[in-house]
Amino acid sequence: MKRVYVNEKWCLGCHLCEYNCAFANSGMQDMATALKGKPIYPRIHVEENDTISYAVSCRHCTDPICVKSCIAGALSQEDGVIRVDPEKCVGCLTCVLVCPYGALAPSESGVMQKCELCLQNSCGEPACVKGCPNRAIVYEER
Amino acid sequence: MGVEFIYPEFEVIRNDNRCIACRVCERQCANEVHFFNAERGVMMSDETKCVNCQRCVSLCPTRALKIVKSDCKLRENANWQDDTIKEIYKQANSGAVLLSSMGNPKPFPVYWDKILINASQVTNPSIDPLREPMETRVFLGKKPDKVKRDANGKLLCELPPQLELSLPVMFSAMSYGSISYNAHESLARAATELGIYYNTGEGGLHEDFYCYGKNTIVQVASGRFGVHKEYLEASAAVEIKMGQGAKPGIGGHLPGAKIVGDVSRTRMIPEGSDAISPAPHHDIYSIEDLRQLVFSLKEATEYKKPIIVKVAAVHNIAAIASGIARSGADIIAIDGFRGGTGAAPTRIRDNVGIPIELALAAVDQRLRDEGIRNNVSLVVGGSIRSASDVVKAIALGADACYIATAAVLALGCHLCRTCQSGKCNWGIATQRPDLVKRLNPDIGSERLVNLVKAWQHEIKELMGGMGINSIEALRGNRLMLRGIGLTEKELEILGILHAGE
């Protein structure tokens with residue numbers, strides 16, 4: 001299965017992936033309209049300090065502990081992609097706690113959202129990968 | 001401020017309707033032009049630091065940015081132009097020699113643009129390179145004057161060492177130190193994939209790149225940095241650098257601040273010490289002296305590798321080339337006055353040397369007249385900008401072209417001409433680790449390969465149009481060229497007819 005992989009060596013810490021992610025999942029046509037003047041809630045986050053940076057998003061584990069621990073049955077695995085049903089999510093944040101990669105963060109409303117590889121939005125391919133200026137994020141089979 | 005103030009050369013225009021304050025511009029600008037004003041929640045900029053490298057423009061996700069030349073002008077004066085006056089101010093402020101980078105930007109004539117190429121019509125057939133074989137391969141090195149046979153009449157096939165190129169283009173010298181590790185890796189990988197050569201420049205060869213040795217030309221310059229036995233042995237050819245088109249007659253100076261870590265080890269000089277290349281080679285004051293170095297290098301490489309002598313195009317270049325052709329060198333590289341540099345005194349870069357077109361024509365003619373053209377191959381550089389420049393150079397008599405500015409442009413350079421600052425936002429002319437990583441060699445080498453392959457297609461198209469199916473048949477074929485808007489004297493030196501003749 002193709003997954004999003006990050007290569008810390010080439011990450012510039014520019015944070016473009018976060019904005020591309022937020023835009024891709026906004027459902028809007030224009031980035032300025034979608035993101036101007038508001039806080040963004042991307043599904044990928046750049047972790048960084050002075051010397052190192054890399055993007056973190058859902059690893060789509062083959063044996064996902066988040067799915068097992070979800071008390072509301074909101075998380076599921078479809079063809080390897082781990083998805084969240086915001087209608088079922090109660091915002092208990094158990095998945096945030098158990099994710100070994102720290103890849104999860106809630107949406108603006110408090111219920112969970114997560115990387116679904118842009119398969120459900122209009123982008124059709126991971127927007128973080130498409131917009132990375134230095135190929136630090138790739139979408140490939142490994 | 002006050003008398004020292006010079007109004008910024010560029011203005012950053014930010015479209016506030018589009019700017020989403022993502023701060024990508026701020027994070028990507030090594031010159032610290034952009035900053036976020038938290039109180040007002042908007043991005044702002046300090047134009048005094050902007051060099052117009054366009055990194056922010058290229059990475060802005062909403063295309064909210066553009067950089068324009070400032071229209072705050074001094075009173076118009078045809079003699080004392082804005083730039084001239086501001087250079088006076090800068091020197092009055094600093095007391096220093098002005099420094100510049102990349103090639104001569106002044107409006108001197110570009111002869112390539114005054115030369116037109118022929119094509120076949122009716123009486124001779126043109127060739128379609130998509131349907132018929134088209135040979136762009138060339139060999140550089142000394143060629144035999146005549147066919148030789150042994151006592152039994154059997155052909156003697158032994159040739160002096162040759163460089164084989166899949167097309168007559170090579171990446172010219174840029175040292176590790178002046179450009180980054182990732183830039184070198186991009187060039188080395190692209191040269192290997194393309195079947196051409198890149199040139200280490202005078203900064204030595206990083207140990208990681210010995211594996212690309214068979215596509216590497218190593219340079220021996222006046223500072224002798226990084227020259228040792230394995231370095232020479234690793235290479236495909238050795239180049240003696242006598243001069244550089246951007247700064248003929250002067251040496252080089254890589255500041256101690258750039259001599260860090262690997263650069264220091266590769267150059268074989270202590271960290272933090274300035275790398276000063278003397279203006280002359282202190283052991284070369286004549287062609288005879290040059291011959292000694294040529295043969296020293298041949299001895300060291302067991303006569304297996306061609307020796308290149310690189311000189312800047314200067315006034316008496318034909319006589320100089322004639323001397324080099326007799327020195328035992330296999331290849332002469334001539335660098336025109338528009339050639340790039342990582343740093344040169346502005347006055348030298350903008351006023352010294354001659355155009356490569358005229359130098360090439362003069363040298364090729366002189367070597368032919370003296371019957372020694374086969375002694376050497378000619379490689380020309382100094383602003384070869386396109387496939388048509390390559391074709392014109394070959395028709396004027398070159399065996400191959402050196403490209404470097406075009407190559408760094410492919411790597412992302414936006415020709416802001418401030419390499420000397422060491423803060424290249426594109427990760428090319430810098431040693432700052434956070435900036436170097438901006439050039440991913442996977443992308444860099446791919447783009448270089450794309451560029452050169454595109455040129456190869458274009459060269460084939462142009463050759464096909466002329467009815468020529470081998471680059472060998474184009475070399476020195478000046479009948480394929482016509483001048484336009486040139487004087488009698490210029491046509492005479494170029495050895496071409498005027499359009500219509």
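Two strands pair if DSSP finds at least two bridges between them. Strands themselves are DSSP runs of E with at least two residues, helices are runs of H or I with at least four residues, and both are numbered from the N terminus. With those terms, β9(B) and strand β19 (residues 400–403) of chain B pair in the parallel sense over 3 bridges. Within that pair, B:V169 stands opposite B:C401 in β19(B).

Before I continue, a word on conventions. This is a predicted model, in which local features need pLDDT of at least 70, side-chain atom pairs count only at pLDDT 80 or more, and totals for chains, interfaces and linings use all residues. Residues are numbered from 1 along each chain as its sequence is written, while chains are lettered from A and ligands numbered from 1 in the order in which they are written.

On confidence, pLDDT is the predictor's confidence in each residue, from 0 to 100. Chain B has a mean pLDDT of 95, and 100% of its residues reach 70 or more. For the complex, the predictor gives an ipTM of 0.93 and a pTM of 0.95.

Let me return to the sheets of chain B. The pair I opened with belongs to an open sheet of 8 strands, in the order β9-β19-β18-β16-β15-β12-β11-β10, with parallel pairing. Its edge strands are β9 (169–171) and β10 (198–199) of chain B, each of which pairs on one side only. Chain B also has an open sheet of 3 strands, ordered β6-β20-β21, and here the pairing is mixed. Its edges are β6 (115–117) and β21 (497–498) of chain B, each pairing on one side only. Between β6(B) and strand β20 (residues 481–483) of chain B there are 3 bridges, and these two strands run antiparallel. In β20(B), B:L481 is the residue opposite B:I117.

Next, the domains of chain B; domain bounds come from an automatic or database domain assignment. For chain B that assignment gives domain 1 (2–96) and domain 2 (138–471). Their C-alpha centres lie 35 Å apart. Two residues are in contact if their C-beta atoms, placed from the backbone, lie within 7 Å. The contact between these domains takes 9 residues from domain 1 of chain B and 7 residues from domain 2 of chain B. I class residues as follows: Ala, Val, Leu, Ile, Met, Phe, Trp, Tyr, Cys and Pro count as nonpolar, Asp, Glu, Lys and Arg as charged, and the others, Gly among them, as polar. On that scheme, the side of domain 1 of chain B that touches domain 2 of chain B has 4 nonpolar, 4 polar and 1 charged residues.

How is helix α3(B) covered? A residue is buried if 20 or more other C-beta atoms lie within 10 Å of its own, exposed if 12 or fewer, and partly exposed in between, with C-beta atoms placed from the backbone. By that count α3(B) is hardly covered, with 0 buried among its 13 residues. Just after this helix, B:G95 takes a positive phi of about 70°.

I turn to chain A, which is divided into domain 1 (1–57 + 116–142) and domain 2 (60–114). The C-alpha centres of these two domains lie 19 Å apart. Their contact takes 10 residues from domain 1 of chain A and 12 residues from domain 2 of chain A. The residues on the domain 1 side divide into 5 nonpolar, 2 polar and 3 charged.

In chain A, strand β2 (residues 45–48) is joined to β3(A) by 4 bridges, and the two run antiparallel. They form a hairpin with 4 residues between them. A:E47 stands opposite A:Y54 in β3(A). In a regular strand the side chains alternate between the two faces of the sheet. Strand β3 (residues 53–56) of chain A has a covered face, A:S53 and A:A55, and an uncovered one, A:Y54 and A:V56.

Finally, the contact between the chains takes 15 residues from chain B and 16 residues from chain A. On the chain B side, α1 (24–28) and α14 (441–466) each supply at least two residues. The largest share of that side, 3 residues, comes from α1(B). By class, the chain B side divides into 6 nonpolar, 4 polar and 5 charged residues.

Which residues does A:G13 touch, leaving aside its neighbours within four places in sequence? They are A:V46, A:E48, A:S53 and B:R27. A:G13 is in the loop between β1 (2–6) and α1 (16–24) of chain A. Why does A:G13 count as partly exposed? Because A:G13 has 19 C-beta neighbours inside 10 Å.
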